[in-house]
Each structure stands twice: as C-alpha cells, then as structure tokens.
Amino acid sequence: IPVRRGWYPFILYPFQVDVIDWHDRIMATDDDETGKADGVLEKSRDMGLTWLMVGIAAHGWYFDEDYLCMFLSYKEEMVDSPSPKSMFYKLRALLGLNTRVPTTCHAPGTPYHGAKLRLL
C-alpha cells in the first residue's frame with residue numbers, strides 16, 4: 001500500500017529515543033571549563049534528526065525556564081525561510097504557528113487518522 005502524502009504523527013525510532021536520552025544527559029550535566037555538557041551530533045539525511053532536534057527545542061521553549069538554543073546550518077535559508085525544509089518552518093509547524101499545517105492527521109483507513117500533530 002503506498003503511503004499517502006500529508007502530515008503524520010512523529011513516531012520515534014529507537015535510535016531517536018537514544019538521541020533524546022543523550023540530549024537529556026548532556027543537559028543535566030553542569031557546564032564547566034572542561035567542556036562538560038557540550039555535545040556534537042553528526043547526522044545523515046532522511047533520519048528525522050532535524051525534526052527531532054526542533055521538537056526538543058520546541059519542548060524546551062514550552063516547558064523549561066530560561067531555555068536557550070541555536071539552530072545552525074550550512075546555509076542561512078535552511079534555518080529560517082518559508083521552505084518546509086527550514087528549521088524554523090518545522091518549529092512553527094510543531095508550535096502551531098503555521099496555519100497551513102493541520103492540527104490533526106488526515107489519513108483515512110490508517111491508525112494515524114485524527115492523531116494530534118502538534119505538541120500542545
């Protein structure tokens with residue numbers, strides 16, 4: 001059965017859960033002159049890591065006090081542009097700030113139909 005185009009819930013792969021656990025461990029470590037609490041994550045394409053990190057940032061923005069994060073890319077337009085590939089487009093989609101992105105999944109005949117697409 002071909003997958004229909006559209007917005008689907010972000011169901012995590014096990015390696016993505018490992019990335020969230022890694023991120024949480026780093027954030028729980030006090031930063032000091034030895035470089036503790038820093039982390040670098042290399043990624044390949046089509047692994048959902050940009051969506052994952054944007055989701056972590058959106059969660060931090062909603063729920064953490066004095067949350068600060070930065071988005072970096074090899075091109076400025078990949079950070080903030082109207083393109084669905086940009087990180088801020090993804091952030092606006094998760095936060096519900098982009099009205100073109102639906103609030104629930106429309107996938108009749110699948111278990112995802114009606115599932116929530118945004119964090120809140």
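Two residues are in contact when heavy atoms lie within 4.5 Å of each other. By that rule, Met87 reaches Thr50, Val54, Phe71, Leu72, Ser73, Met78 and Val79, leaving aside its neighbours within four places in sequence. Welcome to a short tour of this predicted model, where local features need pLDDT of at least 70, side-chain atom pairs count only at pLDDT 80 or more, and totals for chains, interfaces and linings use all residues. Residues are numbered from 1 along each chain as its sequence is written, and side-chain values use heavy atoms, with hydrogens and water left out.

**Overall layout**

- The protein chain has three helices and zero strands, where helices (H or I, at least four residues) and strands (E, at least two) are DSSP runs numbered from the N terminus.
- Read from the N terminus, the order of elements is α-α-α.
- Along the principal axes, the C-alpha atoms of the protein chain fill a box of roughly 55 × 30 × 30 Å.
- Of the 120 residues in the protein chain, 24% count as buried; buried means under 20% relative accessible area, exposed means over 50%, and partly exposed lies in between (1.4 Å probe, protein chains only).
- If we take contacts between residues at least 6 apart in sequence, 43% of them join residues at least 24 apart.

**Surface and charge**

- The protein chain has an accessible surface of about 9200 Å², and 57% of that belongs to carbon and sulfur atoms; the areas come from the Shrake-Rupley method with a 1.4 Å probe, and for residues only the protein chains shown count as cover.
- The chain carries 13 positive and 16 negative charges, and their mean positions are 17 Å apart.
- In that count, Lys and Arg are positive and Asp and Glu negative, while His and the chain ends are not counted; each charge is placed at NZ of Lys, CZ of Arg, CG of Asp or CD of Glu.

**The nonpolar core**

- A nonpolar core here is a set of buried Ala, Val, Leu, Ile, Met, Phe, Trp, Tyr and Cys residues joined through side-chain atoms within 4.5 Å.
- The largest one has nine residues: Val54, Ala57, Ala58, Phe71, Val79, Met87, Leu91, Leu94 and Leu95.
- Helix 2 (49-63) and helix 3 (87-95) are the elements that each give two or more residues to this core, and helix 3 supplies the largest share, with four.
- As background, nonpolar side chains tend to be buried together in soluble globular proteins.

- Why is helix 3 described as largely enclosed by the rest of the structure? Seven of its nine residues are buried, so the rest of the structure largely encloses it.
- The buried residues of helix 3 are Met87, Tyr89, Lys90, Leu91, Ala93, Leu94 and Leu95, and helix 2 is included in what covers them.
- Ser86 sits in the loop between helix 2 and helix 3 and is buried, at 0% relative accessibility.
- Not counting residues up to four places away in sequence, Ser86 touches Glu77, Met78, Val79, Asp80 and Ser81.
- After helix 3 comes Gly96, which has a positive phi, near 80°.

**Aromatic pairs**

- Rings of Phe, Tyr and Trp (its six-membered ring) pair if their centres lie within 6.5 Å; planes under 30 degrees apart count as stacked, over 60 as edge-to-face and the rest as tilted.
- By this rule the model has four aromatic pairs.
- One of them is the tilted pair of Tyr62 and Phe63, with 5.9 Å centre to centre and 50° between the planes.
- Tyr62 is partly exposed at 28% relative accessible area, and Phe63 is partly exposed at 49%.
- Phe71 and Phe88 form an edge-to-face pair, 5.3 Å centre to centre with 85° between the planes.
- This pair links distant parts of the chain: Phe71 is in the loop between helix 2 and helix 3 and Phe88 in helix 3, 17 residues apart.
- Phe71 is buried at 17% relative accessible area, whereas Phe88 is partly exposed at 28%.
- Trp61, Tyr62 and Phe63 form one aromatic cluster.

**Two more residues to look at**

- Gly55 lies in helix 2 and is buried, with a relative accessible area of 17%.
- Leu117, in the segment after helix 3, is buried at 12% relative accessibility.
- Which residues does Leu117 touch, not counting those up to four places away in sequence? They are Trp7, Tyr8, Pro9, Leu94, Pro102, Thr103, Thr104 and Cys105.
- The C-alpha atoms of Leu117 and Pro102 are separated by 7.4 Å, and the two residues are 15 residues apart along the chain.
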